[in-house]
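Good morning, and thank you for coming. Please look at the structure as I go through it.

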Amino acid sequence: MLKKWWQREVIYQIYPKSFNDSNHDGIGDIKGITQKLDYLKTLGITMVWICPVFKSPMADNGYDISDFYQLNPEFGDMEDLDELILEAKEKGIKIVLDLVINHTSDEHPWFQDLLENPKSSKYRDYYILKQGKEGQPPTNWRSVFGGSVWEPLEGTDEYYFHSFHVKQPDLNWENEHVRKELYEVVNYWLEKGIAGFRVDAITFIKKDQRFENLPADGVDGLGKCTKKTRNQPGIEKFLHELNRETFSKYNCVTIGEAPGVPYDQYGDYIGEDGYFSMIFDFKYADLDVASGSEWFRRTDWNVQELKRMIFKSQLEIQKVGWGANFLENHDQNRSLSKYIKEADNRNFYSATMLAALFINLRGTPFIYQGQEIGMTNFERESIEEFDDISSIDQYYRAMEEGFSAEEALHFMNLRSRDNSRTPFHWNSEENGGFSKKRPWLGMNENYTLINVEKQENDPNSILNFYKEIIKVRQSNEPLIYGEIEPLLENNSTVIAYKRRLQGEEIDCYFNFSSENQKVDIDLSCYDVLLNNYKGAAIPAQDFKLYPYQSLLLSKKGMVLS
Ligand code: GLC
Ligand code: CA
């Protein structure tokens, strides 16, 4: 594969509502991001992905857009964004925005016109409308955020379609006028000088046009819509066209949120003429639950399984293209809380082991805000304390499926998207230095223990080790462009791999357990590139990895670039 500029990037994901509040109204904003560019630069970040900042009633915190060309006033105005893009550029940081084009908000003027003139609106064909069947919705499909995908369109016997929330009606991609409007949106923002887009829920744009019922898979009598709405045959036509009319005209990066694509189709998505530069693979992020929309069906996973999934993903992607690697995002719980099962083991070593393991995989690494200081899940005592629409829906569905209220709350505490959306911890002051006003979402109470200021002053902090991991990746080309090859495949607690580029080799070992692990390595043949046990001696004989140790070794005598 030819080298591409975006393979070198280290991307930081910002959830703007919760990052930094510059005007102290309790809500993070664009100016707040600009103020923290130096923090990101010092961390080693080269590109920032900002979750949606467009005009929105915020039912899904910006993933419900009511005007594609305006910013939400609480985040700032166009001048603020231009300033951010410019200042970031001066510091060598690129900006990527979030492109949400599967649906709009129900408050978008197109949909508003439809509500006002349900029978004659010229936007009728912009959305998906269908007649009900004998007083029932057209199909029994369940939306991702719960309940039917169909909502009655008042004044008619029709229903409108929403894959996600009722306030997020899906656009009708079968209509070429809709597609044209959307391409204009994409090109408008790319002209503005952003580096590219993270493309939201893009595998949902094609629906099975037969609109037939599914076998029920829950006591609500509904079936998960994704079987008929995700990566459906015919989507290739839309994605080719999207790419041709927009992305391909720019030297931009595109990161597809593309759940539901089987590995044998990855080539279409990320191959040489693929639709996107890279996509996220969610398979291992969801290893603790049945699916992203059923957190109440827990699985009992182990390290061996995680390891198998990571390598499967890496090797499948390596065959055809390039991947986007992440431990956390705004839809996930915190990685320390998820991957390190016992609370006692969530510490510097396990946090840095996870970081080094993921950042050195083949692909572009993504770091989600707060991950770099080891932020954790935050337990809430009642469902009223949640903001995330998905958690509220899943709480009630869990009970409908027979779990007690207590169990349902427990599942939400483990998996809620609010876990990663609590305001960022800058220091030990009130509200963690995020804002002088009470934040829009309750702080995680451990902010006095886990925060940036504390860690900046501690040479042995998670934050400072992240800087080191990033520096090591960026200064060793095999860790960026090299092939990946699994090592120690039968070891059930150590995850290990080799990165190889034109004869240069770096071996990476991660002890995913709280006990010493014996591994057969002859250290005399290697130089140590990275080690999260700084002071501890590395025994030459009878070599063992310490609990949650991460060790990167380069073969001696090789000239590393
Ligand atoms: C994506 C986003 C998620 C959002 C959903 C609907 O999965 O990451 O936050 O709720 O799409 O837009
Ligand atoms: Ca603000």
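Around ligand 1, the shell consists of 7 charged, 3 polar and 3 nonpolar residues. Please bear in mind that this is a predicted model. Which of the 13 residues around ligand 1 come nearest? They are Asp60, Asp200, Glu257, His330 and Asp331.

Let us turn to individual contacts. In the side chain of Glu257, an N or O atom is 2.8 Å from an oxygen atom of ligand 1. For Asp200, the corresponding distance from a side-chain N or O atom to an oxygen atom of the ligand is 2.9 Å. His103 also takes part, with a polar side-chain atom that lies 3.0 Å from an oxygen atom of ligand 1. How much of ligand 1 does the protein bury? Taken alone, the ligand exposes 310 Å², and the protein buries 95% of that.

Where does ligand 1 sit? Its place is in the largest pocket. The space in this pocket comes to about 880 Å³. Its lining is made up of 43 residues, of which Arg230, Pro259, Asp286, Gly292 and Ser293 are the closest to the centre. Two or more lining residues come from each of strand E14 (289-291), helix H9 (303-320) and helix H12 (389-400). The largest share is that of E14, with 3 residues. By class, this lining divides into 17 nonpolar, 14 charged and 12 polar residues.

The second largest pocket has a volume of about 650 Å³. Among the 32 residues that line it, Met1, Lys4, Trp6, Gly271 and Glu272 are the closest to its centre. Helix H7 (235-245) and H9 each contribute at least two residues to this lining, and H9 gives the most, with 3 residues. The classes here are 14 nonpolar, 11 polar and 7 charged.

Finally, I come to the cavities. Rolling a probe the size of a water molecule over the atoms shows where empty space is left. How many cavities of 30 Å³ or more are there? The count comes to 4. In the largest cavity there is about 60 Å³ of space. Its lining includes Leu327, Glu328, Ser335 and Tyr466. Helix H10 (335-339) and helix H11 (348-359) each provide at least two of the lining residues. By class, 6 residues of this lining are nonpolar, 3 are polar and 1 is charged.

Thank you for your attention.

Definitions and conventions: Residues are numbered from 1 along each chain as its sequence is written. Chains are lettered from A and ligands numbered from 1 in the order in which they are written. This is a predicted model: local features need pLDDT of at least 70, side-chain atom pairs count only at pLDDT 80 or more; totals for chains, interfaces and linings use all residues. Side-chain values use heavy atoms; hydrogens and water are left out. A residue is near a molecule or strand if one of its heavy atoms lies within 4 Å of it. A polar contact is a pair of N or O atoms within 3.5 Å; within protein, one must be able to donate a hydrogen and the other to accept it, and residues adjacent in sequence count only if both atoms are side-chain atoms. Accessible areas come from the Shrake-Rupley method with a 1.4 Å probe; for residues, only the protein chains shown count as cover. On a 1 Å grid over the protein atoms alone, a cavity is a set of points where a 1.4 Å probe fits but cannot get out, and a pocket is an open set with protein on both sides within 12 Å along at least five of seven lines; lining residues have an atom within 4 Å of a point. A molecule sits in a cavity or pocket if more than half of its atoms lie within 2 Å of its grid points. Ala, Val, Leu, Ile, Met, Phe, Trp, Tyr, Cys and Pro count as nonpolar, Asp, Glu, Lys and Arg as charged, and the others, Gly among them, as polar. Grid points are joined across faces, edges and corners, and a volume is the space filled by probe spheres set on the points. Helices (H or I, at least four residues) and strands (E, at least two) are DSSP runs, numbered from the N terminus.
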